[in-house]
Amino acid sequence: METTTKEIDASEIEYVTYGGEHHLPLIMNLVDQELSEPYSIFTYRYFVYLWPQLSFLAFHNGKCVGTVVCKMGEHRNTFRGYIAMLVVINSYRGKGIATELVTRSIKMMMESGCEEVTLEAEVTNKGALALYSRLGFIRAKRLFHYYLNGVDAFRLKLLFPRPELHHLSDAPFEE
Amino acid sequence: MTRLDRVEEGLAEARASIREAIRSMNYTSEKPEYFIPKGSIYRNPHAFHQSHIEMVKRFKVWVYEEGEKPIVHDGPLNNIYAIEGQFIDEMENSIGNNPFKARHPNEAHVFYLPISVANVVRYVYEPIMSKKDYYRDRLQCLVEDYVGVIAHKYPYWNKTNDLQEGELIHGDNFNLFAAMSAVEIMDPKMDSGIVSTYYSLDEAIENGAAPVPISADKTTDVLCTIDIMDHLLACEATWHTGHSLAQTVYSCLYLLQPERTSSHALLHSYCKVTRATCNAVLSVVSDTRTHEEEDLFTMTYDLPLSEDRDERCLSMLNAVEETISRQLRACKVSSSKRRVSEDIETLQSNPDLEEGYCKALLCRLRFRKHFYHLLMSMKRPQGRGLELARKHVASCIVEIDHIRKSSEFLRASAQEMSKQNIDNTTASGCQPIGFDASLNSRLSAPTPPRAIKILCWEKALDYYMKLLQDLDIICSYSLDPSLEAAFLFVVKFQKSQPDLVSRAHLQLLLVQDGKLYGRDPIFSVITKAAGLPEGTKNHDIQKNQFMVQLGQLVINLLKILCTNAAWQRRKLGKMLQDWRVTSVQLELAFKEFIEASNSPGTENVCFKIFQHTLAWVEEQTYWIASRFLILGFELELYTAHDYCMVYWYIYVVLIKLCEKKNLRMAMSIGAAKKKAKKKKDSSKDAGMDYQIPAAVLFLQSQMYLAEGLSMMFAALRNEHKVVPPQSPFSTEHEIFIQQFELLQKACLPDRVSYMSFKESTVHANFSTLAMCDYFKEAQRIAKEVKSSFANDPDKMAELRRIEQVAEHNSIALNVICRVGALDPSLNISFTFCHHPFFATAIVKRS
């Protein structure tokens, strides 16, 4: 049955941290439906068991409508967060659900001491690119034929402010 | 003692001897040890060695005996699922004693369920007809049944009860790569081997998938041969655009068993030349390593590629061409004189179609011949074959035209027998016989399948036309001994976005044996570029380690410029640091030299070489920096909110580039004493005896344009027309750091920072902008300098574009000022329609 989703109020969406094996099929179904890359169950478990605090699900009336899956760790001498998958089902897009999901993950990463956050997005995925741009991500690289479907990717990067840099340079220009 | 106690005791002994090995730094073994591991690759080589000894001595696997072949106790022994079958085979069928096989379950450390998932798929699931056939229910039932039997019959099942769900991933060596390397069999998105019609080439051939001859009816046989040729061509073009050889060209079953076609001269010769051509292309691409991220291209999985001797493939092709030419002549004679010539056997049985078929075949064969010759000529050292290559390019283009025109005839004659081919990879529109892309998917690595869409016939021909044109551009290059000319040639060549194959050939031409064009030693090329006299090119200073290093950098730069834009930008960014370091090292060596030789006169040769080379290196470094920044536009790495800082950075890099170029040029025309002013307005006070070279003025026009755009974007933001979104996580400062990280690391330019960017843009506003109009300045210089480039169409075109952008932006600026930036009816947008990286403002009033 098609539900009209136009009237959905942001307050009706409930966000929860990954809470265990019962959430796994929900995440897997969403990602399998909406993203082009296939992942094995090992990949999902790798993320959600090691960093359950970085994965979130969005529910509307008990139905899972969006999810974000992440990791963090040392990468070439920087402590870096990585957003592996972000999905909101089509009819629920444009309501800020993805932004809310990913913002929660990024906040956790920031609090856990990450210096930066990275991810890849298809160059054709205008929605995702706009979303991440609003959050302060830059397009650091283009990765030629990155995805199995042959599409290029952008490597997106968000650098968290380092306090010592800021009081040196930003202060005189604060508006 | 229970079974478990005995097993545990053995393991305890093993642990003790490993500990002892660590302590004594020696091993104990009952057998002579031939391989003693050592080196830093092991965390502890002694522990590793002893642990291996203990494993070989003690480790036992019990293989459950229940169940019947082929689903249990058997599995595939080849291709991507072989690991399953190999293991079962080792455990069950190894002749003599497998030391790891437990004779009794009581001595086992692990228990093995010898089920083959690959065989379940093969015997239970296939043929897969619908989506439902992918459901894993049947597989799950089989395994559950088997586990049920075992758990009921033996006491061992799940005795340790140790591993919880999800626990596997907590292992030390279980990283993301390991997780992603696991492929779920039966999942069509992940398992590349699952969707296949045949298990092996032999099975496909037995089933008549690739008959020889293709048809007993000669007319049909010819038409089908043409379809195979066309589809092969489409496959080859698809391969060139970045797909695997196994899934494209080698989806042709006829190619896979070379000797099978030998009775069919036409097909045989075409297959032979196709294999030889692929081999030639492959060797150029792998030698030049331009493919970097396109590594799919060069994987060959033991496909039959190079069994053909090159000369033989051509002689065979020539013989077939000769025969068909005769048949064509014969049918023309016989149709005009209405007399059947008895001495020549016709190509096929229908006299009305004889001419059309002969012609359709001839152009296809000739295309292959010339294309092969073209590749061979381009491979000749020092560009010696380029002139000949151009002739073959011209011939190829003629034949492609004939191939295109043959479509009408082939469509008409195929009409009644054709099964419509939706993808139209053939001129006739028929589905080709003898292709199966799924057969090789079991050869490729166990990675998820990549989506492959074979180019349609028209697109494939278009691809070849573009490839031929690109190769023609390369072949007509004059092999200009000037390095700058070579750089500019590559940059211009890249503008048309040439594909991998032509880029690889360009690189092959540019760098051979560590020399430019395989002809000019790099040091001599550098001295020439640095404006040094001819006599310096063999100077001993070339043995100086930093000069050697510089030579390597130049070669690398040439190669990198030939790669695809995405890869190129990343490599250039990383390379900036190397150029900077080399330039600092050269500077130090220069100083040391001056001290050691007690201030040699400026006429000293070494002094001159150092001085000129250093200036040239600095200029090159800024040139690379500007190219790095500009490529960001082509790759769409910048969003509108980044433009202000990106143009500002381009502007500061161009200032330095102008300055360095001016300095270097001044040196080489002997005006070195008058050190060029560092200010960009040096044109005004340089005096009468020194004129700024046109090449510098050219850059200045770009520089003013960049400055103007940067200020315009700054003014737009300052006067609140355009405000970038405020990120909750970072500020403009972080964006600046990230965008220019590599340039900043290499201090390009020195003392440039976010601070300086802010200082120069924070007060930008339209009223002051209109007063000192950078766009007008850019336009003026571009106009002035045009006369110096009358013979350089590329520079002329660029100057015209600069003028256009500058003029439009200057007008836009005036309109905004007149109306007032805050006027709500003002609508300002930007476009790249006049220039690939300098934006043009469009001002509208609603």
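Predicted model: local features only at pLDDT ≥ 70, side-chain atom pairs only at ≥ 80, totals over all residues.
Let me begin in chain A with one pair of residues: A:Tyr82 stands opposite A:Thr118, which lies in S5(A). Residues are numbered from 1 along each chain as its sequence is written, and chains are lettered from A, with ligands numbered from 1, in the order in which they are written.

That pair belongs to S4(A) and strand S5 (residues 116-122) of chain A, which pair in the parallel sense over three bridges; two strands are said to pair if DSSP finds at least two bridges between them, and strands (E, at least two residues) and helices (H or I, at least four) are DSSP runs numbered from the N terminus. With strand S3 (residues 63-75) of chain A, S4(A) runs antiparallel, and ten bridges join the two, A:Val68 having A:Leu86 as its bridge partner in S4(A). S3(A) and S4(A) form a hairpin with two residues between them, and in the turn A:Arg76 has a positive phi of about 45°.

Of the 175 residues in chain A, 34% are buried. An unreviewed UniProt entry annotates residues 11-161 of chain A as "domain: N-acetyltransferase", with the caution that such annotations may be inferred rather than shown by experiment. Over residues 11-161, chain A is 30% helix and 36% strand, and the end C-alpha atoms are 31 Å apart.

Now to the cores. A nonpolar core here is a set of buried Ala, Val, Leu, Ile, Met, Phe, Trp, Tyr and Cys residues joined through C-beta atoms within 7 Å. The largest one has 234 residues, and those with the most contacts inside it are A:Cys70, B:Tyr647, B:Val653, B:Leu654 and B:Leu705. Helix H21 (residues 643-668) of chain B supplies the largest share of this core, 18 residues. Setting aside neighbours within four places in sequence, B:Tyr647 is in contact with B:Ala706, B:Leu709, B:Ser710 and B:Phe713, contact meaning that the C-beta atoms, placed from the backbone, lie within 7 Å.

Chain B also has an open sheet of three strands, in the order S3-S4-S5 with antiparallel pairing. Strand S3 (511-512) and strand S5 (520-521) of chain B stand at the edges with a single partner strand each, so one side of each is left without a neighbour in the sheet. Two bridges join strand S4 (residues 515-516) of chain B to S5(B), and B:Lys515 stands opposite B:Pro521 in S5(B).

Finally, how many residues does each chain bring to the contact between chain A and chain B? Chain B brings 42 residues and chain A brings 38 residues. On the side of chain B that touches chain A, the elements giving two or more residues are helix H6 (176-181), helix H19 (565-596), helix H24 (732-739) and helix H26 (754-761) of chain B, and H24(B) gives the most, with six residues.

Technical notes. Contact = placed C-beta atoms within 7 Å. Buried ≥ 20, exposed ≤ 12 C-beta atoms within 10 Å, placed from the backbone.
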